[in-house]
2 protein chains.
Amino acid sequence: MCEKCGCQTGMGTKPKVIDVNKSLFEANEKIGEQNRHHVERMGAVAINMISSPGAGKTTLLEATADALKDSVTFGVIEGDIETEKDAQRIRAKGIPAVQLTTGGACHLDASLVHHGIHELEHIVPGGRLDIIFIENVGNLVCPAAFYLGEHKRIVMVSVPEGSDKPAKYPRAFIGSDLFVISKADLLPYFDFSVEEAISEARRLNPSIDVLIISPKSGQGMDKWLDYLSGILK
Amino acid sequence: MCEKCGCQTGMGTKPKVIDVNKSLFEANEKIGEQNRHHVERMGAVAINMISSPGAGKTTLLEATADALKDSVTFGVIEGDIETEKDAQRIRAKGIPAVQLTTGGACHLDASLVHHGIHELEHIVPGGRLDIIFIENVGNLVCPAAFYLGEHKRIVMVSVPEGSDKPAKYPRAFIGSDLFVISKADLLPYFDFSVEEAISEARRLNPSIDVLIISPKSGQGMDKWLDYLSGILK
């Protein structure tokens, strides 16, 4: 009972799902490890991409397809709550893509991605790829809590979102290997401090790499492709 | 066991938290109703604002403070995972603001907002307000599932995010009264179809109102203020 107004809020009580969540997370970690081994058997590395809706994950993958189509083979697992829109955009670039729709859930989990890996393996000639990109549901919060079996995790913030985002959404930065600042062509038009964004990200995660890119203007795309080459070595 | 590769994924099994979630949602609805009555006793209406990170919720509230400070009294309950940044921005406009930090959780729930209402009531002279804005955690997914006791729910999408967002994040639109397209001053520079955004939103929710606004250029701000007056009548 609320001590202030007497109503039955259960204020201050912890939700009762903690233990269930704990075992769910543990189960998820285990399946994530299996996904990782599965991806490695395909000769690939997996990259989990996390951002807000509309930060530019699909646009970056489209540009990556244009740049790498003759040198690197990759496939994409698209996570969305609804629609096949993102997978259709990727397929239009000649890249194999599997659409996972979560039917309401706010993140991908390892079990769903396990399905996606099987499906991707099935549609790729010989079942072999260099890279599997996993484009998570557009959400800067929940996906950060679920390991999918990725070798690298990327968190992306677009310039219009604002440079305060690392401080406000810390978990996504703590758990990521690379912080991509996207839509960099918009930097002259927005009050976005690259310095603030990077220093906050590095305060949370001192070893996080940073790239500032714009698939539209081409800025930083060479460094992005170098980053991918580095992972494949 | 996965039928395809034999690994122990538990593929296809439903998470075991369904019943727990159901009772959590029921408890949340009940506290939400109490919040609503509490807000009404303060003479106010409550507005729950939902969007992706960086869509411009705080900026709209800052502009609303400038426009209404002599005619309407309002307070703000800010929901964030971490930091007091948004509440500080609102207080700088002379508006009472309470910061709720969820400590990792991806949404506000009714119990947390109940705390916020008490705190706001405490800092407002006489405990009376015309409007309480509840700025939810930046997330277009999870906040849509939690009724906070609001009289109106607003979903906001900014132009840089793209006009496919209603189709991709349906629940936020199904449950909202007003769809705000923000950062409208950027329409000339982005491939954002206002027609697509509105028609998808109305396909999901035929009675949803729509406003196209830019606090920066002033576009649509008169209609936004009219909308608020209409709620107060």
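1. In what order do the seven strands of the open sheet in chain A run? The order is S3-S2-S4-S1-S5-S6-S7, with parallel pairing, where strands are DSSP runs of E with at least two residues and helices are DSSP runs of H or I with at least four, both numbered from the N terminus, and where two strands pair if DSSP finds at least two bridges between them. Strand S3 (97-101) and strand S7 (209-212) of chain A stand at the edges with a single partner strand each, so one side of each has no neighbour in the sheet. From one strand to the next the twist averages 20°.

2. On the basis of the note: this is a predicted model, in which local features need pLDDT of at least 70 and side-chain atom pairs count only at pLDDT 80 or more, whereas totals for chains, interfaces and linings use all residues. Residues are numbered from 1 along each chain as its sequence is written, while chains are lettered from A and ligands numbered from 1 in the order in which they are written.

3. Helix H2 (residues 57-68) of chain A lies across strands S1 (45-51), S2 (74-80), S4 (131-135), S5 (152-158) and S6 of that chain, running at about 160° to S4(A); angles run from 0 to 180 degrees between N-to-C directions of axes fitted to C-alpha atoms, for helices over the stretch in contact. Among the buried residues of H2(A) are Leu60(A), Leu61(A) and Ala65(A), a residue being buried if 20 or more other C-beta atoms, placed from the backbone, lie within 10 Å of its own, exposed if 12 or fewer, and partly exposed in between.

4. In chain B, the buried residues of helix H7 (residues 194-204) are Ala197(B), Glu200(B), Ala201(B) and Leu204(B). They cover an arc of only 100° around the axis, which puts them on the same side of H7(B), the arc being that of the directions from the helix axis to the C-beta atoms. The face turned away from this buried side carries the exposed residues Glu195(B) and Arg203(B).

5. Ile123(A), in helix H4 (residues 110-123) of chain A, deserves a separate remark. With 12 C-beta neighbours inside 10 Å, Ile123(A) counts as exposed.

Terms used: Two residues are in contact if their C-beta atoms, placed from the backbone, lie within 7 Å.
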